[in-house]
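Subject: Structure for your review

Dear colleague,

Please find below the structure that I am handing over to you. I would be grateful if you would read the notes that follow alongside it.

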Amino acid sequence: MTALQHVRPHAYYTVQLPRSDDFAFWRERARALIQCDIPPDKVAWVEPGGSGDLFAQPSSGGGMRLPEPPADAPPVRASKRYLSLAKNAALHSDPARFSVLYRLLWRLQANPRLMEDKADPDVRRVEELDKNVRRDSHKMHAFVRFRQVEEEGGAEHYVAWFEPEHHILRANAGFFLRRFASMRWSILTPQGTLHWDGETMREGPPAQKSDAPQGDPVEDLWRTYYASIFNPARLKVGAMLSEMPRKYWKNLPEAALIPDLIAGAQQRESEMVAAGERDDGVRPESLEAIGEAIEGCRKCPIGCLDNRAVMGEGPSDAALMIVGEQPGDHEDQEGRPFVGPAGQLLDVHLERAGIDRGRAYVTNAVKHFKFTIKASGRGKRRLHQSPTAKEIDTCRWWIEGERELVKPKLVLAMGASAARGMLGKTVSIAKIRGQAIPLEDGSELWVTAHPSYLLRLDGDARNRQAALFDADLAAVRERLAELEGQ
Ligand code: URA
């Protein structure tokens, strides 16, 4: 008797999701079903309230009890790219999303490189779902407006009404928590509500617009908030207005202020820059505290874009610190350094050189993703932009803090931005790569190219640069072994 004999070949399975946004639940069930070899057309995913993928609904109505995966079932394969898209796509309001995600996961088992096939209809559909959800989150960050209400006892409470298109409320709780941690606030939506009392987050049932206070949003609060998403340094009036569809205007009584804001943009930009230069505060004393502080950092305009801070990761006493330029689109979405294409290439070369990434502290010279929006027939994309020397210098405050705490014996800076982040001046990689540069704390800096540079090359040029990169990494591994042995 094989382990799978309890799985009935022609049975249908209905999975009832506890919540419409419960990706973790979906993932666990999807893994078990794949390990039991249940094909996509035999599974129906049903959301609370009964809405599910009607086309996949079993004709028998009921569905079988879910089988247990056999103990020796092979692990389910899912690439990082799949997981990062799926996490967002699962929040879409499309009732078929869980079936599409399951089908793609199923197909990935036979074809692990499927996500690279940009023409595949399932890959494209999941990318589209992800894009719609990200856009909805972006709208929520930009258009939630708090109004002040007074509670019994005179305590201040701020309440906002928002109508998301997808199931994004819970996923965005952290964004509002980070920005308004010291206030008591509620966000009401037709799908559910969030309430923060300054200490704990509570969820509540769906609300109606009439439950929210009317009238002007709180001016000061709004200004602080708007400052966090309105980036004067990147002001593009046309793009800004196209980002503000009519649907949201009814919740934006302050839209009349926009001309003044545009007029004041120049001044605010210089204020931001000055704030970066003036900072002589005390640095947080732990890596966790730096992680929290960078989230709120607005010392340069990059921190004011719609992005999140990405903290370094790895052992807090690592002998090797690897420094990149700044998080990219993937890193911004996942909140971790070097997880996108450059990170994957880096992993290949580190492994080839015999350097264990898990033992290194991996971080970036600049903590936020700098990008510009590019609209094309395929929609809008966030295109990487290099940080300016001034932005790198402003962010040195944080990487110096990480270095003071981790105390690496050797720092490997990849690319010109990382080198500037460590040295405070611009250097030529070609001139100084492959040699130790003593740093004032007794550690050594080694400089090499950035893996994204290799990604931009092909043919012989790529092979030549890859060989130089490998040689640099091999030298670093040897020197590190010496330093660790001392
Ligand atoms: N490029 C970088 O410099 N850092 C990352 O984290 C990702 C890409």
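The notes below cover confidence, the ligand site and one of the sheets.

Please bear in mind that this is a predicted model. The protein has a mean pLDDT of 84, and 81% of its residues reach 70 or more. Two stretches call for separate mention. Across residues 227-243 the pLDDT is below 50, and this stretch has 41 contacts in the model beyond near neighbours in sequence. Residues 252-259 also have a pLDDT below 50, with 14 contacts beyond near neighbours in sequence.

Turning to the ligand, the residues that surround it are Gly324, Glu325, Gln326, Pro327, Glu331, Pro337, Phe338, Asn364 and His450. By class, this shell comprises 3 nonpolar, 4 polar and 2 charged residues. Asparagine 364 takes part through its side chain, where an N or O atom is 2.7 Å from a nitrogen atom of the ligand. On its own the ligand has 240 Å² of accessible area, of which the protein covers 94%.

As to the sheet, 5 strands make up an open arrangement with mixed pairing, in the order 9-8-12-14-13. Strand 9 (360-364) and strand 13 (437-438) each have a single partner strand, so one side of each has no neighbour in the sheet. Within the sheet, strand 12 (residues 410-414) and strand 14 (residues 444-448) run parallel and are joined by 5 bridges. Leucine 410, for instance, has glutamate 444 of strand 14 as its bridge partner.

With kind regards

Note on methods. Residues are numbered from 1 along each chain as its sequence is written. This is a predicted model: local features need pLDDT of at least 70, side-chain atom pairs count only at pLDDT 80 or more; totals for chains, interfaces and linings use all residues. Side-chain values use heavy atoms; hydrogens and water are left out. A residue is near a molecule or strand if one of its heavy atoms lies within 4 Å of it. A polar contact is a pair of N or O atoms within 3.5 Å; within protein, one must be able to donate a hydrogen and the other to accept it, and residues adjacent in sequence count only if both atoms are side-chain atoms. Accessible areas come from the Shrake-Rupley method with a 1.4 Å probe; for residues, only the protein chains shown count as cover. Ala, Val, Leu, Ile, Met, Phe, Trp, Tyr, Cys and Pro count as nonpolar, Asp, Glu, Lys and Arg as charged, and the others, Gly among them, as polar. pLDDT is the predictor's confidence in each residue, from 0 to 100. Contact means heavy atoms within 4.5 Å. Two strands pair if DSSP finds at least two bridges between them. Helices (H or I, at least four residues) and strands (E, at least two) are DSSP runs, numbered from the N terminus.
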